[in-house]
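Colleague: I've got a model open on my screen and I'd like to learn how to read it. Could you walk me through the strands, the pocket and the core?

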Amino acid sequence: MRYFLTIILTLFCVCATPALAAELPDEAQQAEAYLRGLTTAKARFMQTSPDGAQLFGTFYLSRPGRLRFEYDPPIKDFVVADGFFIYFYDAELDEQSNAPIGQTLADFLLREDLRLSGDITVKSVSRGGRTLQIELVQTEDPESGSLVLGFNEEPFFLKKWRVLDPQGHITEIELFDMERDVSFERNLFAYHKPGDKSSYDFNQ
């Protein structure tokens, strides 16, 4: 679980430096249009860590700016982005870590003007088993790791993503039973420490 914290909070930090947009392959343009249209979604997920351990839970998305990973019991850890910061709650230590969304991998998916160009570069496009895979790297630092998005082709939808860090460790999230255009309480995306209702902002 703590390795997943490292993946979410520190890898693939997106820089704000403008970059010239290269012409995207047709497949990447299709993926970009799909992701830009993915405003709210809910899905089950399976997380596979570098050591092969698997955890399950529910993923919530509300673009721009908000997401939540909630693990199935007995795991009480969670990850939540509230539009400004992304938080990781470690239940074993009973503490949270956080970072501005713009300094994390999550910024790629949560930014309002989502593009597969500029500070992001499409490194490769491949196919296998009815899955379209698009590998992304940072334009200014392509050796810092990569993000591979996996799309089911017919019908077209986001199926999984895989993060490769500079040390070669891979963490994968696979999505199941995705629902789109769902309604959420805004409080779902507010950080509040479990058991501390006073930190739950019901006016967001």
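Predicted model: local features only at pLDDT ≥ 70, side-chain atom pairs only at ≥ 80, totals over all residues.

Colleague: How many bridges join strand E1 to strand E11 here, and do they run parallel or antiparallel?

Modeller: Strand E1 (residues 40-48) and strand E11 (residues 170-180) run antiparallel, joined by 7 bridges. If you want a spot to look at, find Phe-45, with Leu-175 of E11 opposite.

Colleague: Which residue of E11 does Lys-160 stand opposite?

Modeller: That's Glu-174. Strand E10 (residues 157-164) pairs with E11 too, over 5 bridges in the antiparallel sense. The two make a hairpin with 5 residues between them, and Gly-168 in the turn has a positive phi of about 90 degrees.

Colleague: On to the pocket. What lines the largest one?

Modeller: The largest pocket, with a volume of about 180 Å³, has 13 lining residues. Nearest its centre are Arg-68, Glu-70, Lys-76, Phe-78 and Pro-194. Strand E3 (residues 66-71) gives the most to this lining, 3 residues. Sorted by class, the lining has 7 nonpolar, 4 charged and 2 polar residues.

Colleague: And the core: which residues have the most contacts inside the largest one?

Modeller: A nonpolar core is made of buried residues joined through side-chain atoms within 4.5 Å. In this model the largest has 40 residues, and Leu-67, Phe-108, Phe-151 and Trp-161 have the most contacts inside it. Another core, of 8 residues, lies apart from that one; Val-80, Tyr-87, Tyr-89 and Tyr-191 are among them.

Terms used
Residues numbered from 1 in each chain as written. Heavy atoms only, no water. 1 Å grid on protein atoms, 1.4 Å probe; cavity = no way out; pocket = protein on both sides within 12 Å on 5 of 7 lines; lining within 4 Å. Points joined across faces, edges and corners; volume = space filled by probe spheres on them. Helix = DSSP H or I, 4+ residues; strand = E, 2+ residues; numbered from the N terminus. Nonpolar A, V, L, I, M, F, W, Y, C, P; charged D, E, K, R; others polar. Pairing = 2+ DSSP bridges. Buried < 20%, exposed > 50% of the residue type's maximum accessible area, 1.4 Å probe, protein only.
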